[in-house]
Amino acid sequence: APRGGASDSDDDTRCEVCDGDEDTAKMLLCDGCDRGFHFYCLPRPMLELPPGEHWWCEACSNAAAEAAALPLRVGSGLRARDAPS
């Protein structure tokens, strides 16, 4: 998904958290649902674009893990397997 700025077709993309449509240079678009999120509005705010070409919001990431029946949890920017108890 386009990141770090919106294309002409994304001009009406709003942040799902603050409902703002400004500061598109600091907005991520989820590759799963195409919803927009400012870096700084995420539950765990980011200071810059994450590495790689793909990014999924927490809802899409969790849904994919549940569908695959993976015992995963959200970590500090990366998904990691839960430690055995």
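**Exercise 1. Is T13 buried or exposed, and what is its relative accessible area?**

Some ground rules come first. This is a predicted model, where local features need pLDDT of at least 70, side-chain atom pairs count only at pLDDT 80 or more, and totals for chains, interfaces and linings use all residues. Residues are numbered from 1 along each chain as its sequence is written, and side-chain values use heavy atoms, with hydrogens and water left out.

- Step 1. Locate T13: it lies in the segment before β1 (27-29). Strands (E, at least two residues) and helices (H or I, at least four) are DSSP runs, numbered from the N terminus.
- Step 2. Apply the cut-offs: buried is under 20% relative accessible area, exposed over 50%, partly exposed in between (1.4 Å probe, protein chains only).
- Step 3. T13 has 13%, so T13 is buried.
- Step 4. List its contacts (heavy atoms within 4.5 Å). Leaving out residues up to four places away in sequence, T13 touches G20, D21, M27, L29 and G36.

**Exercise 2. Find the buried side of helix α1.**

- Step 1. In α1 (residues 58-67), the buried residues are C60, S61 and A65.
- Step 2. These cover an arc of only 135° around the axis, so they sit on the same side of α1. The arc uses the directions from the helix axis to the C-beta atoms.
- Step 3. Turn to the face away from that side: it carries the exposed residues E66 and A67.
- Step 4. Just after α1, A69 takes a positive phi of about 55°.

**Exercise 3. State which element has the lowest mean pLDDT.**

- Step 1. pLDDT is the predictor's confidence in each residue, from 0 to 100.
- Step 2. Strand β4 (residues 79-81) has the lowest mean, 47. Strand β2 (residues 36-38) has the highest, 94.
- Step 3. Where pLDDT is low, the predicted coordinates should not be read in detail.
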